Every structure is written in structure tokens, then in C-alpha cells.
Amino acid sequence: MTGRALPPSLTSARRLVVKIGSALVVDTEKALPRQEWLNSVAADIAQLHRQGTAVTVVSSGAIALARHSLGMTGRTLQLAEKQAAAAVGQISLAQAWSKALHAHGLTAAQLLLTPGDTEDRKRYLNARATLDTLIKLNCVPVINENDTVATAEIRFGDNDRLAARVAQMIDADQLVLLSDIDGLYTADPRLDPTAQHLPVIDALTPEIEAMGGEPPPGYSSGGMRTKLLAADIATRSGCAMAIAKGQPLHPLRALLDGARCSWFLPRTCSQDARKQWIAGSLTPAGKIIVDRGAVAALQQGSSLLPAGITQVEGQFSRGDLVSVTDEAGLLLAHGLSFYDAEAIRRIAGHHSSEVEKILGWQHHDEIIHRDNLVMV
């Protein structure tokens, strides 16, 4: 399960994504960026650049930076207040990163994304092209969630998963989540003194997934549960992921020097770019529920046919990404549907040869072809 393989090293990274949470970036008592700490991270990034590693940063902190100046401390913010705080705080956050990186001869580039930008295939490819160009120009992209326009996207742990999607987007070979803990433990070490640290995780088994805990208190919105979700996205894309302690100065240099952390190893059979995008989807447009026979067929590598469908949930169009579950609600796969939701409802349970008679037309025999289907 864990510990048998050698952990990766940052010295071997070609493209590295570093995710940094609000609690690391912001001194909440002074309502200011932790500039000395940011300067140390920028020095680490410069060192990595000199060794040939292109670094992309996913940084939280905009909302936390603005809470004090807007008089929004000590309470849960409403959605509109979060959006307003993000609009104010993002200016300070971008300036802090630009200042820190510039001191080491590096050019910062700001991008604001929502998970929606990674779900729409066209927007995903556009963002990918922009990031690829910036990296080739030796810039350091600094990415944050676009909280000024996000709605449901402002929720528990999005930047962990957003960082994994960014890593997938740019074909990164390593992702580092800087945290308040030095990795994954068998239990919460703050509550259980017998909890054991896991240095290498070679597979995300149900036992490992069950180790995800509750989010920490304070402004930080992450937690071990969302880090494990990020690990699933990253490792499916052939990207190794580390959870490492971030509070001390020079946290990346510490990793280079062998500081304790938890490495999640990439899966040996990396999917192609299209299937990586499908597998990493956060918000499918709808759900298709299938019977036992369809479950068995999908597990053997078959396409999804209408005969095995028992129910359709949601409204989606042809070409949308949907989830596939069994009748007990267990998620089986993500895929791109050849038919819209209403058409599938009409042909569910019928043989493919009956589709044209029922609908008056027929695009394909399959609802989801196996080339557009990823078992999850």
C-alpha cells in the first residue's frame, strides 16, 4: 500500500505546480501578505528555475487579505461579500507575488480561473495554450480562483483540486500542496498520538481515501479530504503529488533537501490528454444510472449502450460530460454523451436497433463510446 517505492525528487521535475493556501500567504493578525515568507518561496522558485524546472503557483489569499480592510472579520461571509473581498484582495495578492518574484529576476503572470474554466473543453484548451506560452517565455504563472465571479465554485477545497487540474492542464510531472501538516497520517495526529506518517502512497485505495479528515479552522479552506481528491486527479494524469509542511521559510528548498512529506506516486499507465480531462471533471452536467449488466460490460471495456440504462438525472446536451453510476449510486465512470438527456430517457432500456424507430433518427449505437469513457 505505502512506503515500498522510492519517493520522487524535485530535482527531477520538468514542470512543477505549487499550491499555497491562505493561511500560508496571509498574516491574518496584520491583514498583510507574509512578505518574508513569500520572498523565501520566490528564492526557492528561482533555484528551481536555474536547474531547469518550470514552476507554476496556485495561490489563495485574496479574500483573507481584504477581510480586515473591509471590516469583515470574525464571521462567515455571504457570497456577494466573498466576491467583493476577492476583488479588493486580489490586487494586494498579485502585487505581493510580483514583488517577491521580481526580486529574484522572475516575471509573474496572473491568471484567474474557476473550476468551470477547466470543465468546458474549449476554455480548458485556451487556458492550456496561454499557460504553455507563459512557461515557454520563462514567466511564473500565479493562478487563483476567480472568486469575484464564482458562485458554487467558492466552496470547501476548490484550490486543491484546481491545482491538480492546472497540473494536468500543463502536463506537469509533479504537484506540491504546501500545508500546515507534513503529509498524510493514518489518523489525525492532533487527535491521535499513535497516528503514523505515510511517506509514499502508491495507490489511492479505499483505506487511504478514508483517512481524509475535516478541514482545519481559520481562513484556510483546504483539508486532507480535498488533498486526496487532488491526488486522484493528478496521479491519473501521470503526475506525482506531495503534501508538505509550508509554514517555515524556504519550504521548497526543504523538500529539495529531503524534508519529510507524503508523495503520491503517478499511475503507471497515464491516460491521453482527452481522457485525462474527462477523468478530472469536477462538475458533470448530468447522471446516467445503469443496471448490473451494463456495469459488468463497462468494467470489461465496453461502450455504454441504451439497453443497460435505467434512469437519467439532470438536463444535458449532446457532447456534454456526464457521470455514470450503478443503481446503488456508486460512481463508475465519466464520459461524453452522444445524446441529450431527453433522448436518452426515451431510449433507455431499448436495444440499439430500436433507437431510430423511437427517436426518428440515430447518431450512434452507443450512448457513450468507450473512447470517450473513463472508469473512475
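## Tyr 339 and Trp 361

Tyr 339 is buried, at 1% relative accessible area (buried is under 20%, exposed over 50%, partly exposed in between, with a 1.4 Å probe and protein chains only). Trp 361 is partly exposed, at 35%. Their ring centres lie 5.7 Å apart and their planes meet at 20°, so the pair is stacked (rings of Phe, Tyr and Trp, the last by its six-membered ring, pair with centres within 6.5 Å; planes under 30 degrees apart are stacked, over 60 edge-to-face, the rest tilted).

## About the model

This is a predicted model, where local features need pLDDT of at least 70, side-chain atom pairs need 80 or more, and totals for chains, interfaces and linings use all residues. Residues are numbered from 1 along each chain as its sequence is written, and side-chain values use heavy atoms, leaving out hydrogens and water.

## Aromatic pairs

The structure holds two aromatic pairs. One of them joins Tyr 124 and Trp 277: it is tilted, with 6.4 Å between centres and 55° between planes. Both residues, Tyr 124 and Trp 277, are buried.

## Salt bridges

There are 14 salt bridges (a side-chain nitrogen of Lys or Arg within 4 Å of a carboxyl oxygen of Asp or Glu). Among them, Arg 123 pairs with Asp 117, with the closest N and O atoms 2.6 Å apart. Arg 123 is partly exposed at 39%. Asp 117 is buried at 16%.

Asp 188 bridges to Arg 190, with 3.0 Å between the closest N and O atoms. Asp 188 is partly exposed at 28%, and Arg 190 is exposed at 58%. Salt bridges also link Arg 15, Asp 132 and Lys 136 in a network.
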